[in-house]
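Welcome! Here are a few exercises to work through with the structure in view, each followed by a solution in steps.

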Amino acid sequence: MDELTREFLIESQEGLDRMERCLTDLEERPQDTGLLAEIFRSVHTIKGTTGFLGFKRLEKLAHAGENLLGLLREGKLTADTPTTTGLLQLLDGLRSILKTIEAEDSEGIGEDGELIAQLEALQTPGKVKPPAPPKADTPEPKFEAPPVSAPSAVVVQQPAPVAPAPVAETVAVAAPAPVAARVASDAERVAAEAETDAGKPRVATTAAAESTLRVDVTLLNRMMNLVGELVLTRNQVLQATAADPNMTLLSRRLDMVTADLRESVMKARMQPVSNIFSKMPRIVRDLSQALGRKVRLQVEGQDTELDKSLLEAIKDPLTHAVRNSLDHGIEPPDVRLAAGKDAEGTLKLRAAQEGSHVLIEVSDDGAGISVEKVRAKAVERGLISADRAASLAERELLQLIFLPGFSTAAAVTNVSGRGVGMDVVRTNVEKIGGKVEIDSRTGKGTTLRMRIPLTLAIIPALIVRSVGQSFALPQGALSELVHVPPSQAAEAIEWIEDAPLYRLRGKLLPLVFLDKLLMPGGEHKFATERDNFIAVLDADGRRFGLVVDGLADPEEIVVKPLSAVLKDIGLYSGATVLGNADLALILDPGSIAQKAGVNMTAEEEAAHKAGAETEADVAKSMEYLLVEAAERQAAVPLADVLRIEQLKVKRIEYIGYRPVLNFEGQLLPIEDSGGVLAAVQGDPEAQIIVVVCREGNRHVGIAVSHVLDVAAGGDLFEAGTNLRTSGVTLLKNRVTGVVDLGGVPPLPPEANAPNDWNQLTETTA
Amino acid sequence: MSTAMTTTAAGAVVPRKDKAAATASLVEMCSVRLGQTLFGVPISHILEIVGGARPQPVPLAPSFVGGLVHYRGDVLTTVSLRQLLGMPPKEGTQDILVLESKGGCFGLLVDSVGEVMTVSSADHEPNPSILDERRRALFAGAYKLKGSLMVMLDPERLDPMRLGQNFAA
């Protein structure tokens, strides 16, 4: 294929993408002449260039479309639903010819006569042939609608839709000529507005076109690789020249330029999510017509940027999610009205950046997912045992729809429901290091949430040491690190037969020794001659502790793929080059769990725990740190907890009778309403625990005797008034007082005891 | 099997010309020494020769995997010829031939890389039957040189993917 044709194909595809966006907008604003002009321009450009390149079939089709668009643009016709459908079919026709050209370098020998005839028919108001569905098996009977003068005789099988917005209709609805007439009077009024509206973006597009350049993605990938290489070379140069003062300036400059370059190349790969969001209006329109739904699409956060390859990767999952929402989520209009909802359903697409992730949400206000149906279906399909299903909490049950072979659609429709829906969504998203979650309320709607890392290439990881090598552990799976000093190593490990366990805040955590996993043989035990570290990992709901020999710094690593032979080992998800030019294998926590035989018991346990809480509103719940102070339990909001310090009681000093802790040169007021300090007063060597919390912009410490757990709290409502209570929360099915951090009085500016010292918090369990 | 060469590159080794050589083609081979044996890899399959590498071992990998090396921004899997032939590992650094095969690039770890030799396909003989099965599967015959033999290695047969299927030990 010659360069000219290739250019033409790329340009035409872009033009058609633009046209598609405009067409779906056109349904809502049929009088927007700006939109019409844009569509006209796209088709016109294709027609002009094809004539030049000698693609006759394409030219003929484009010409027919251009004629119709010309009339629309001049206001002689109004873009009603059949016209838009016709134009969308024109778009599909043009696209398929372009695809043939791309594949075969020729137009192929398809026949567009029917489509051209239909486009021509649309040019005559009132003389309308119904638009044929793209793959109709039977040819539509040709008929001519009566002239405009007799609108009553127009063959309309249901009330003519007044607003040509996405409307459910049967295939044979003729273009309602009366609508055209009615709308025409509005045309002039709206036209003026539309003109000014459309004027602005047009200027912007031209400017953008002049200052941008098309770059091949493979070139960008190569640049990314080379920049990675440069970063490593820079690191080595920096190390080698560190001692030479003459080189400092040069190497620092090299350092800066490299960092800038890396950032720029990464930025060059970013694209706004609008690139895939813009495909959705068409899908929503076509599907809602096919399924007889009324749907309004809302899009938010279109400017959010994501790496090009990731954007490609989430296109299919997103389309799937949208299809699912329309097919299973949003109900038909009559059902909605019966349920007291607006006949028109809302489908919302939202993208937002959250730290190093991009959040993409697909939410609808449809029927929601019936948890009971999910439960029944999962048991019926043998995906889960009946006992297990009965014990699962609502939230866990919902996640079952991500299992392969799950589909709740009563009948297999051609939109979705072949049982290859959500598991594909999950697989695709997890493949790129993302996560999927589903939230649903019966009767209220469903929200599917995808968390996608910003770039595929770079992930934050903790570098750990084992068997004398470095390994990278993705931070996403890491929930905490536990340090076991040599002195405690002997008794820290507990056993159930030959399964090593560690007691973490009173709960048993299965242990996996990385060195034993990598080099089978030898016994499981902590080294007594050096420090041991447990990385507590959460992998696919399986929680376990990975014992490593040492920890190095966390690092942003560039993921390099492994050859198939090494991928087959199943423990590594890739490799990376560290800052010191060492290679490190990237560990895959999920596979480690599997290989080490950490099964789902941990998850079941969690499910039981969660089950007790689901009666409360889990979606709105907050997480609390459950502490015990002198036999009573209290809760501290987890978000406020900074650190937990274990120290000897003699380190607590007093200003007047107020206990304070001199912590790294800073004075921390200690809250002791639980009476922990009083209980151990006689023994200066006794250990107490201080939970250091953030309160506004100061820090306060709370003296406790034990830290028990982290749990989600539920709201409590006062009987009768139904008002939300404050200061208490439902934690593990017990009403628990929440420590009032704001109530801890500030330290006096001078060291004299305040007089208003009183009992501040209610910590009755 | 061997790549046809229409012109000989500046070769110090002048191929012997007998009558059969009129139809024979000349191949440039990179000579590789491993223990006592001289091996040859057609240079048309070699992307680069990296000297003095210390590959990073991969725990639990098949025994023929010599480890990973950093190569031009990518992580390259290497095949250890010594391990493959059941020879004891060598102390110190090794040389790596970066080879291209259908499955992508990989490295071949050898003791040391020697000169490039031009050999004639007329001097090629298939694997003798006296070799064990494993060697017969790995070697692609031998070239008869003046006073010695050069065992031909075919990168396709050394591809880690293929080795993984054949010698998953």
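## Getting your bearings

Chain A has a secondary structure of 22 helices and 29 strands. Keep in mind that this is a predicted model.

**Exercise 1.** Find what percentage of the residues in chain A are buried.

*Solution.* Start with the length: chain A has 765 residues. Of these, 34% are buried. Next, look at the contacts in chain A with a separation of 6 or more: 67% of them join residues 24 or more positions apart.

**Exercise 2.** Work out how α1(A) and α4(A) are oriented relative to each other.

*Solution.* First locate the helices: α1 covers residues 3-28 of chain A and α4 covers residues 81-104. Angles over 145 degrees count as roughly antiparallel, so α1(A) is roughly antiparallel to α4(A). The crossing of α1(A) past α4(A) is left-handed. Now look at the contact itself: among the residues that meet are A:Leu9, A:Leu16 and A:Leu23 from α1(A), and A:Leu87, A:Leu91 and A:Leu98 from α4(A). By class, this contact has eleven nonpolar, three polar and four charged residues.

**Exercise 3.** Describe the side of chain A that touches chain B.

*Solution.* Begin with the counts: 21 residues of chain A are in contact with 19 residues of chain B. On the chain A side, α7, α19, β17 and β18 each supply at least two residues. The largest share, four residues, comes from α7(A). Sorted by class, this side has 14 nonpolar, four polar and three charged residues.

**Exercise 4.** Which residues have the most contacts inside the largest nonpolar core?

*Solution.* This core has 80 residues, and those with the most contacts inside it include A:Ala472, A:Val512, B:Val79 and B:Leu108. Zoom in on B:Leu108: its contacts include B:Val79, B:Ile96 and B:Leu158. A second, separate core has 40 residues, among them A:Leu306 and A:Ile452.

Technical notes: Residues are numbered from 1 along each chain as its sequence is written. Chains are lettered from A and ligands numbered from 1 in the order in which they are written. This is a predicted model: local features need pLDDT of at least 70, side-chain atom pairs count only at pLDDT 80 or more; totals for chains, interfaces and linings use all residues. Two residues are in contact if their C-beta atoms, placed from the backbone, lie within 7 Å. Ala, Val, Leu, Ile, Met, Phe, Trp, Tyr, Cys and Pro count as nonpolar, Asp, Glu, Lys and Arg as charged, and the others, Gly among them, as polar. A nonpolar core is a set of buried Ala, Val, Leu, Ile, Met, Phe, Trp, Tyr and Cys residues joined through C-beta atoms within 7 Å. A residue is buried if 20 or more other C-beta atoms lie within 10 Å of its own, exposed if 12 or fewer, and partly exposed in between; C-beta atoms are placed from the backbone. Axes are lines fitted to C-alpha atoms, for helices over the stretch in contact, and angles run from 0 to 180 degrees between N-to-C directions. Angles under 35 degrees count as roughly parallel, over 145 as roughly antiparallel, 65 to 115 as roughly perpendicular and the rest as oblique. A crossing is left-handed if the near helix is turned anticlockwise from the far one by less than a right angle, and right-handed if clockwise. Lists of a residue's contacts leave out its neighbours within four places in sequence.
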